[in-house]
Amino acid sequence: MCLAVPGRVLDVADRDGTRMATVDFGGVVKEVCLEYLPDLKPGEYAIVHVGFALQRLDEESARRTLELFETLGMLQEEFGDPWESAAEATGDERPAHEGVAGEVRR
């Protein structure tokens, strides 16, 4: 499933002529394209789908939606560890792979 998830803009920058933002989705931080909402500012919330900020959202609605998604396990489904998901699907133990900063995770 591919959700549209609310996130809080942490910072905004121009990257090779494209406005991009670092967005926090309840603890998961991702880079997001702001082409559809070029005036979005740090501290504001937006609904994000497939890497694009699509609609501005108020903080209360964003927090309630994130809490609901977390309760339903949808954030883990959307942002979960793909290695862990693949291992669970095959019934194997979690495979070793390189994580962030080059550490090997098991």
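Residues are numbered from 1 along each chain as its sequence is written. Because the model is predicted, local features need pLDDT of at least 70 and side-chain atom pairs count only at pLDDT 80 or more, while totals for chains, interfaces and linings use all residues, and side-chain values use heavy atoms, with hydrogens and water left out.

Strands are DSSP runs (E, at least two residues) numbered from the N terminus. S4 (residues 45–49) is joined by five bridges to S5 (residues 52–57), and the two run antiparallel; pairing requires that DSSP find at least two bridges between two strands. The S4 and S5 strands form a hairpin with two residues between them. Val50, in the turn, has a positive phi of about 45°. Strand S1 (residues 5–15) also runs antiparallel to S4, to which four bridges join it, and here Gly7 stands opposite Ala46.

Thr22 is located in strand S2 (residues 18–25). Its relative accessibility is 12%, and Thr22 therefore counts as buried. The Thr22 side chain makes a polar contact with that of Glu31 at 2.8 Å; such a contact is a pair of N or O atoms within 3.5 Å, within protein one able to donate a hydrogen and the other to accept it, and residues adjacent in sequence count only if both atoms are side-chain atoms. Residues up to four places away in sequence being excluded, Thr22 touches (heavy atoms within 4.5 Å) Arg8, Val9, Leu10, Asp11, Arg15, Val29, Lys30 and Glu31.

Key
Buried < 20%, exposed > 50% of the residue type's maximum accessible area, 1.4 Å probe, protein only.
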